[in-house]
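Thanks for coming, everyone. I'll take you through one structure today, starting with its pockets and ending with its charged pairs. Have a look at it first.

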Amino acid sequence: MVKILANDGMAQEGIDLLEKEGFEVKTTHVAQEQLANYINSNKITGLLVRSATKVDKKLMDDCPDLKVIGRGGVGLDNIDVAHAESKGITVFNTPEASSESVAELVFAHLLNGVRFLHDANRHMPLEGDSQFKQLKKSYAAGVELRGKTLGIVGFGRIGQATARMALALGMEVLFTDHTTKEATISIPFFDGRSIEFKLQSIELKEVLSQSDFVSLHVPSQENYVIGKKELGLMKPGSGIINTSRGGVLDEVALVEALDNDHLAFAGLDVFESEPNPEIKILMNPKISLSPHIGGSTMEAQQRIGMELAQKLIKLLK
């Protein structure tokens with residue numbers, strides 16, 4: 001029997017599909033330092049992870065029977081892919097499963113930012129009964145998203161899902177991407193109708209200078225994609241959202257741009273020093289915060305579980 005360890009958990013639908021096909025699925029969460037021992041003693045062939053478990057060179061070298069590593073989600077930055085390939089271990093991910101979930105979180109942060117909800121939710125429990133009129137006045141200068149321009153940096157699946165939502169809300173969309181130069185975005189409606197928009201990639205500096213809000217959708221990088229210079233190109237009073245990876249946005253420069261009122265707000269789901277974000281980020285009243293939950297919806301987890309299961313069955317049966 002083929003044994004699979006889903007070390008960061010797996011949706012029941014995926015487990016059921018694997019078990020129906022004769023696989024044994026273990027969902028025990030094993031600590032990083034005990035992982036090799038567990039994999040070997042339980043004769044695990046396939047390891048499934050999300051972002052919590054690191055699959056490095058040492059783990060692979062210590063586990064000679066490991067044949068497949070699956071990552072539930074978009075990136076592969078917690079897996080040493082090159083070393084896996086050198087050992088003949090197949091590595092795959094589920095790039096499509098969480099796109100809609102991440103895109104919706106972008107808009108949760110955008111709506112938080114333009115209506116000050118992240119800050120209002122901090123102050124209403126403390127001062128709502130005594131300072132109601134003052135709070136009402138403080139949060140009375142919100143703006144609408146409709147008619148505004150959203151700039152998208154990185155136009156893969158998640159960037160395009162974000163564009164679909166922006167267009168459906170009545171926003172203009174600009175994008176920049178190294179590989180995708182043009183794209184047709186189709187917006188499906190509940191009654192079967194759809195409408196298409198053709199979009200062309202433009203330079204990063206144009207996206208930054210022409211957008212009211214900017215959303216980042218790029219993989220992990222060696223250097224900042226958005227640093228002090230890039231933030232300086234953005235419109236005064238604009239906002240920026242990062243749901244991609246910590247380290248693509250310079251957080252020191254971001255705090256400076258917020259503190260000097262060049263930017264109105266930011267929304268962060270990912271952080272440079274994750275899982276211990278800087279206190280200056282956590283305490284900033286202009287930042288809407290979430291703890292890396294972009295792909296963490298019930299629907300995305302079900303899609304991820306099913307996609308992982310289907311790929312494993314194809315590879316190992």
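Let's begin with the second largest pocket, which holds about 380 Å³ of space. Keep in mind that this is a predicted model. Which residues lie nearest the centre of that pocket? They are Val153, Thr176, Asp177, His178 and Val218, out of 16 lining residues. By class, the lining has six nonpolar, seven polar and three charged residues.

Now the largest pocket. Its volume is about 630 Å³. Of its 28 lining residues, Val74, Gly75, Ile158, Ser244 and Arg245 are the closest to the centre. Which helix gives the largest share of this lining? That is helix H8, residues 157-168, with three residues. Sorted by class, the lining of the largest pocket has 15 polar, seven nonpolar and six charged residues.

Next, the strands. Find strand E4, residues 68-71. In a regular strand, side chains alternate between the two faces of the sheet. Here both faces of E4 are covered. Val68 and Gly70 are buried on one side. Ile69 and Arg71 are buried on the other.

What does E4 pair with? Take strand E3, residues 46-49, to begin with. E3 and E4 run parallel and are joined by four bridges. Gly46 stands opposite Val68. To get from E3 to E4, the chain passes through helix H3, residues 57-62, and this β-α-β crossover is right-handed.

Then there is strand E5, residues 90-93. E4 and E5 also run parallel, again with four bridges.

On to charges. Side chains of opposite charge can pair when their charged atoms come close. How many salt bridges does a search of the whole structure find? It finds 13. I'll pick out a few.

Glu96 and Arg157 form one, at 3.7 Å from N to O. Glu96 sits in the loop between E5 and helix H5, and Arg157 sits in helix H8, so this pair ties together parts 61 residues apart in sequence. Is Glu96 buried or exposed? Glu96 is exposed, at 52% relative accessible area, because the cut-off for exposed is over 50%. Arg157 is partly exposed, at 44%.

Helices H5 and H8 are also linked by a second pair, Glu100 and Arg164. Their closest N and O atoms are 3.0 Å apart. Glu100 and Arg164 are 64 residues apart in the chain. Glu100 is partly exposed at 34% relative accessibility. Arg164, at 22%, is partly exposed as well.

Glu307 and Lys311 meet in a salt bridge, 3.1 Å from N to O. Both lie in helix H13, residues 298-316. They are four residues apart, about one turn of the helix. Glu307 has a relative accessible area of 17%, so it counts as buried, the limit being under 20%. Lys311 is partly exposed, at 29%.

One last item. Which residues link up in a network of salt bridges? Look for Lys57, Asp61 and Lys87.

How values were computed:
Residues numbered from 1 in each chain as written. Predicted model: local features only at pLDDT ≥ 70, side-chain atom pairs only at ≥ 80, totals over all residues. Heavy atoms only, no water. 1 Å grid on protein atoms, 1.4 Å probe; cavity = no way out; pocket = protein on both sides within 12 Å on 5 of 7 lines; lining within 4 Å. Points joined across faces, edges and corners; volume = space filled by probe spheres on them. Helix = DSSP H or I, 4+ residues; strand = E, 2+ residues; numbered from the N terminus. Nonpolar A, V, L, I, M, F, W, Y, C, P; charged D, E, K, R; others polar. Buried < 20%, exposed > 50% of the residue type's maximum accessible area, 1.4 Å probe, protein only. Pairing = 2+ DSSP bridges. Right-handed = clockwise from strand over helix to strand, strands pointing away. Salt bridge = Lys/Arg side-chain N within 4 Å of Asp/Glu carboxyl O.
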